[in-house]
Every structure is written in C-alpha cells, then in structure tokens.
Amino acid sequence: MSPLPADEHIALAQLHADYASIVDAADWDAWCELFTADCVYRVVPRENHERGLPLATMSFESKGMLKDRAYAIRETLFHDPYYQRHVIGPPRILRAEGNRIECESNYAVFRTKLSALTTVFNVGRYLDGVVRTPQGLRFASRQAIYDSEMIPNSIIYPI
C-alpha cells in the first residue's frame with residue numbers, strides 16, 4: 001500500500017506520463033519546467049551506481065544547465081535525426097516525508113531513425129526525488145540508471 005494519498009499518487013503518475021510525452025515530443029522548454037531550479041539530472045551506468053562511483057554519462061546540476069542542454073539540442077548539436085518513445089512503469093514509492101517523495105520506476109526508451117527500424121535504445125530505472133511546489137509536483141532529482149554497459153556513442157536527448 002502506498003504511503004501517499006490516492007490523489008498524490010495519481011499526480012505522481014501524471015508527472016511521469018507528462019515527462020514521457022514532453023521528451024518524446026521534443027518540447028525541451030517544457031522538459032526544463034518539470035524540474036526545480038536547483039535540480040539534479042543524471043544518466044548513470046548501473047555498475048557505477050551500484051559501486052558508488054561518481055562518473056555519469058550526463059550530469060546537470062540546475063535548471064539552468066538543463067536549459068543549456070535544451071539550447072544545444074535545438075541549435076548546436078548536429079546528429080542524425082531520430083524519434084524517441086518512452087515507456088515508463090508506474091512509480092514505486094520508496095519514501096514520502098514532508099514535501100519530498102522518493103520513488104523509482106522502470107523505463108524503456110525506443111529510438112526510430114527516419115530510414116531504419118525502431119530499436120531498443122536504453123533500458124533501466126529512474127530514481128527520483130519529487131517535491132511539491134505551487135506549480136505542482138516537480139523533479140528535484142532524476143537519475144536514469146541504465147542497465148547495459150554498451151550504449152550508443154552519443155546520447156543527444158534526455159533519457
């Protein structure tokens with residue numbers, strides 16, 4: 001049984017659904033708004049996470065850094081275009097105290113290049129710190145901990 005009231009659990013599930021929809025639509029400004037000003041967003045290999053190693057494939061430590069990434073995606077990064085599709089499992093509540101909810105959820109990201117078949121791009125789990133704000137629930141931290149040691153040579157879009 002979840003330690004959250006049903007309406008908050010629904011709001012948390014909606015935050016995860018909004019995240020998937022926004023990233024899949026490449027709405028990078030809306031992606032940034034899902035986070036707090038002093039957020040942390042990291043994409044980390046499972047082995048590094050389990051061994052407590054600090055190295056991350058991507059690491060941003062504020063909404064300003066997320067906005068820089070959004071600008072880079074739109075204006076400066078050159079790559080073969082592709083679409084992403086996120087499938088995110090329901091959040092499992094790990095802890096809910098005060099204004100903060102700690103949760104985890106499994107994810108799979110599929111990638112479709114314009115002239116190729118869809119492939120599994122990245123699979124793992126999110127570890128999230130979510131806080132209540134006047135604008136609704138927002139990510140204070142999001143770690144995408146991916147399972148495979150083999151990843152493409154570049155990750156352009158957020159996981």
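Trainee: Which side chain meets D29 in a salt bridge?

Mentor: This is a predicted model, where local features need pLDDT of at least 70, side-chain atom pairs count only at pLDDT 80 or more, and totals for chains, interfaces and linings use all residues. Residues are numbered from 1 along each chain as its sequence is written, and side-chain values use heavy atoms, with hydrogens and water left out. A salt bridge is a side-chain nitrogen of Lys or Arg within 4 Å of a carboxyl oxygen of Asp or Glu. At 3.3 Å, N to O, the partner of D29 is R74.

Trainee: How many residues apart are D29 and R74?

Mentor: Helices (H or I, at least four residues) and strands (E, at least two) are DSSP runs, numbered from the N terminus. D29 sits in helix 2 (residues 28-33) and R74 in helix 4 (residues 63-75). The pair links distant parts of the chain, 45 residues apart.

Trainee: Is D128 buried or exposed?

Mentor: Buried means under 20% relative accessible area, exposed over 50%, partly exposed in between (1.4 Å probe, protein chains only). D128 has 1% relative accessibility, so D128 counts as buried.

Trainee: Which strand holds R142, the salt-bridge partner of D128?

Mentor: The closest N and O atoms of D128 and R142 are 2.8 Å apart. D128 lies in strand 6 (residues 119-133). The pair ties together parts 14 residues apart in sequence, because R142 lies in strand 7 (residues 136-146).

Trainee: How many salt bridges does a search of the whole structure find?

Mentor: One of them joins E102 and R100, with the closest N and O atoms 2.4 Å apart. The search of the whole structure gives 11.
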